[in-house]
Amino acid sequence: MYIYLPIAEVSVNAFVLLGLGGLVGILSGMFGVGGGFLMTPLLFFIGIPPAVAVATEANQIVASSFSGVLAHVKRKTVDFKMGGVLLIGGLVGAALGVVVFNYLKSLGQVDLLVKLCYVLFLGVVGSLMFAESLRAMSKSKQVAVVKPRKKRGLVHALPFKMRFRVSGLYISIIPPIVVGVVVGVLAAIMGVGGGFVMVPAMIYLLGMPTKVVVGTSLFQIIFVTAFTTMLHATTNYTVDMVLAVLLLIGGVIGAQFGTMIGAKLKAEQLRILLALMVLLVCAKLAFDLVVEPSELFSLGVAGGH
Amino acid sequence: MQGFFARVLLVLLALAGPVSAQDIVLGMSKNEIGITAFFNGSEILIFGALKHETAASSAGDLDVVVTIASPRYPVTVRRKDKRLGIWVNVEAFDVDLAPSFYAVATTGPFDRVVSEASDLWHQISVRQLIRAVTVPPSTNNKDQFTEALVRVREEQGLYQMLPGSVQLQEQTLFSTSVSLPSNLVEGAYSARIFLMRDGEVVSQYQTAIDVHKVGIERWLYNLAHERPVVYGLLSLAIAIFSGWAAAAAFRLLRG
């Protein structure tokens with residue numbers, strides 16, 4: 001069944017969109033990532049104009065994250081206080097990111113920089129997580145002892161300490177705010193929620209327990225993507241409501257299944273799966289940059305339409 | 001500026017010339033295309049008759065050319081090249097105006113039906129249509145960019161060359177059909193019919209086809225552009241509601 005999208009101005013198969021939404025929703029619920037890093041390239045692939053894909057994806061992530069976070073709230077695995085602190089940074093970062101994005105756009109190389117950002121961050125984050133989870137898995141097999149807490153380093157020497165009861169942390173609010181800003185900038189530039197960067201940052205930099213990380217990440221992503229959606233809707237008019245609805249019907253249902261699957265898997269397994277997926281997307285993007293494209297010319301809208 | 005005057009001159013010449021619209025009687029299956037939620041392309045049938053005097057007078061067979069063009073917009077064409085091991089955009093070229101959709105249907109092979117001079121004069125082939133308005137003399141390799149634009153859009157089915165698809169019976173009745181793709185952009189499309197003899201335009205006729213969104217498509221598009229804040233908030237409300245509804249439904253299912 002074909003549906004004409006009013007903003008994207010293309011006709012697409014509704015079932016393809018429902019399927020894509022469902023697939024990405026499952027991943028979203030499992031890993032606490034918005035799934036944008038996967039969905040945005042997929043939307044390009046089925047012929048949605050990039051500007052519309054990025055803006056609409058933000059709107060869809062709001063839905064799947066909200067659906068996912070409700071399940072986590074019920075299981076009490078959301079650290080609202082930490083989420084709030086991350087959010088403050090996130091909103092500042094998203095606003096900054098839009099400025100950076102528009103500057104790069106004026107240079108005419110925004111596509112390349114977005115792709116390089118993807119390859120770089122997905123590559124680094126994916127490899128780190130993969131190595132870490134392998135180590136954690138082999139450790140938990142050898143000695144069934146709980147992994148010792150990270151060394152008290154620079155993070156604990158900073159001022160403005162706050163107690164995060166749900167995460168069991170007493171740390172300065174500076175690192176979470178910085179994490180929030182960085183993720184916000186990346187989110188705006190790459191057109192994603194930023195969960196794939198935030199989840200590892202929360203685990204490895206802030207030392208939060210994995211079970212809490214997913215819910216808290218989703219909680220923060222809702223607000224950052226809602227903010228991005230409004231920004232795109234009011235400045236570029238590129239949010240396609242029909243596209244968003246089709247994606248989110250699949251997405252919200254998928255997210256529920258994802259959360260159920262995630263609850264059954266061990267934290268290490270969850271991490272290693274996420275790491276593998278991140279590396280896979282990274283490899284695909286890197287491959288496309290290196291291999292000669294079949295068509296060397298591409299068309300773009302000049303001066304907006 | 002020079003290009004502008006040249007075009008004005010062309011129009012004046014066309015008006016003053018011997019050709020007149022009265023030589024062609026035209027009918028179309030529709031002169032309006034409504035883009036609904038389930039729009040998946042459209043086929044348009046164009047038919048007509050040539051006045052007897054025109055058809056009968058002098059020797060030489062008649063040919064008919066039908067073109068359908070969307071409004072024209074500026075396009076940026078970018079070229080990739082290998083730099084430091086990866087493929088990046090290295091060169092860009094702005095085409096001032098190019099139609100997002102263009103179809104040319106003819107009774108025979110294009111080169112036989114339309115002489116180079118009349119193509120230049122009336123901008124019948126898509127290459128002329130693009131080239132005619134793009135003359136920054138500084139760019140020396142602009143041809144490769146306009147060729148690329150045509151190639152890419154031909155592959156997307158947006159530019160269609162349809163030689164031999166116009167049927168002409170008894171030198172009087174002609175008909176053709178053009179299928180418009182689903183990724184159609186709104187606007188006032190123009191249909192031109194050229195009556196050709198020995199590659200020269202004997203007569204021409206032009207009419208408009210209105211392509212516009214209707215129903216919910218129209219409503220959403222207007223809302224997004226006229227009340228963007230309301231539209232954005234509505235999108236978010238739908239997202240939050242669906243997220244909640246799915247979570248609630250699953251909670252019920254699991255008891």
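How many bridges join S2(B) to S12(B), and do these strands run parallel or antiparallel? In this predicted model, S2(B) and S12(B) are parallel and are joined by four bridges. Within this pairing, B:Glu32 has B:Asp210 of S12(B) as its bridge partner. S12(B) also pairs with strand S11 (residues 187–197) of chain B, through eleven bridges and in an antiparallel arrangement. Here B:Ile193 lies opposite B:Tyr205 of S12(B).

Chain B comprises domain 1 (2–213) and domain 2 (214–255). Six residues from domain 1 of chain B and six residues from domain 2 of chain B make up the contact. On the domain 1 side, strand S2 (32–35) and strand S12 (200–213) of chain B are the elements that contribute two or more residues. The residues on this side of domain 1 of chain B comprise two nonpolar, three polar and one charged.

The largest nonpolar core contains 152 residues, of which A:Leu5, A:Leu243 and B:Val65 touch the most other members. Both domain 1 (2–213) and domain 2 (214–255) of chain B supply at least three residues to this core. When neighbours within four places in sequence are set aside, the contacts of B:Val65 are B:Val104, B:Thr106, B:Val113, B:Val114, B:Ile124, B:Phe194 and B:Met196.

Methods. Residues are numbered from 1 along each chain as its sequence is written. Chains are lettered from A and ligands numbered from 1 in the order in which they are written. This is a predicted model: local features need pLDDT of at least 70, side-chain atom pairs count only at pLDDT 80 or more; totals for chains, interfaces and linings use all residues. A nonpolar core is a set of buried Ala, Val, Leu, Ile, Met, Phe, Trp, Tyr and Cys residues joined through C-beta atoms within 7 Å. A residue is buried if 20 or more other C-beta atoms lie within 10 Å of its own, exposed if 12 or fewer, and partly exposed in between; C-beta atoms are placed from the backbone. Domain bounds come from an automatic or database domain assignment. Two residues are in contact if their C-beta atoms, placed from the backbone, lie within 7 Å. Ala, Val, Leu, Ile, Met, Phe, Trp, Tyr, Cys and Pro count as nonpolar, Asp, Glu, Lys and Arg as charged, and the others, Gly among them, as polar. Two strands pair if DSSP finds at least two bridges between them.
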